[in-house]
Amino acid sequence: HFERFCMQIIFILAGGFLIGCIITYFISGYVVDIIFGEEFKDAAILLKFFSPLPVIIMLAIIFGNLIMIPAGLHKEFSRIIISASLLNIFVFFIMTNFFSIIGATFASILVEAGVVFIMLVSLIQNNLNPFRYWRVSINMLIKRV
């Protein structure tokens with residue numbers, strides 16, 4: 001039942017975050033213009049690049065804090081976070097050196113997506129696949145609505 005509950009959380013949060021990210025992507029130019037003015041219009045490009053990050057981070061939090069830690073996978077969780085932190089420093093410097101601020105943006109997205117992927121692989125290896133019951137969870141959510 002816990003896995004079904006996790007799937008429902010993932011669907012609800014991912015749906016909300018995804019809608020927010022899509023809206024952020026499309027209105028980034030307006031937001032930057034209104035808040036910071038015309039001289040910061042290049043910042044809208046960065047905001048567009050960063051727009052998928054909330055969904056990726058949300059998945060990392062669910063996989064790590066809501067599934068791995070309660071399931072007793074403290075060591076795996078710590079290894080993933082420490083490795084990702086070290087990798088982020090390395091990738092950040094390389095990407096920033098070659099691609100400036102856009103490289104830093106991509107480094108953040110790549111490392112965080114890697115964290116989510118490695119956490120998912122670790123969960124699957126430990127027989128805790130949060131997507132195992134996705135069909136059941138979708139049907140349960142539809143019935144509630």
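These legends describe close-up views of one predicted model. Local features need pLDDT of at least 70, side-chain atom pairs count only at pLDDT 80 or more, and totals for chains, interfaces and linings use all residues. Residues are numbered from 1 along each chain as its sequence is written, and side-chain values use heavy atoms, with hydrogens and water left out.

**View 1. Helices H2 and H4 meet side by side.**
Helix H2 covers residues 43-50, and helix H4 covers residues 74-125. Helices are DSSP runs (H or I, at least four residues), numbered from the N terminus. The axes of H2 and H4 come within 10 Å and cross at roughly 15°. Axes are lines fitted to C-alpha atoms over the stretch in contact, and angles run from 0 to 180 degrees between N-to-C directions. H2 and H4 are therefore roughly parallel (angles under 35 degrees). Their crossing is right-handed, meaning that the near helix is turned clockwise from the far one by less than a right angle.

From H2 come Ile45, Leu46, Phe49 and Phe50. They meet Ile101, Ile102, Thr105, Phe106, Ser108 and Ile109 in H4. Contact means heavy atoms within 4.5 Å. By class, the contact has eight nonpolar, two polar and no charged residues. Here Ala, Val, Leu, Ile, Met, Phe, Trp, Tyr, Cys and Pro count as nonpolar, Asp, Glu, Lys and Arg as charged, and the others, Gly among them, as polar.

**View 2. The largest nonpolar core has 29 residues.**
Such a core is a set of buried Ala, Val, Leu, Ile, Met, Phe, Trp, Tyr and Cys residues joined through side-chain atoms within 4.5 Å. Buried means under 20% relative accessible area (1.4 Å probe, protein chains only). Leu59, Ile62, Phe63, Met68 and Met119 have the most contacts inside the core. Helix H1 (2-36), helix H3 (53-68) and H4 each supply at least two of its residues. H4 gives the largest share, 13 residues. Leaving aside neighbours within four places in sequence, Ile62 is in contact with Ile9, Ile10, Leu13 and Ile67.

**View 3. Ser100 and Asn127 have positive phi values.**
Neither residue is a glycine. Phi of Ser100 is near 60°. Phi of Asn127 is about 60°. Asn127 is found in the loop between H4 and helix H5 (134-144). Asn127 is exposed (over 50%), with a relative accessible area of 54%.

**View 4. Phe26 is exposed.**
Phe26 lies in helix H1. Its relative accessible area is 58%. Phe26 and Lys75 are 49 residues apart in sequence. In space they are 40 Å apart, C-alpha to C-alpha.

Definitions and conventions:
Angles under 35 degrees count as roughly parallel, over 145 as roughly antiparallel, 65 to 115 as roughly perpendicular and the rest as oblique.
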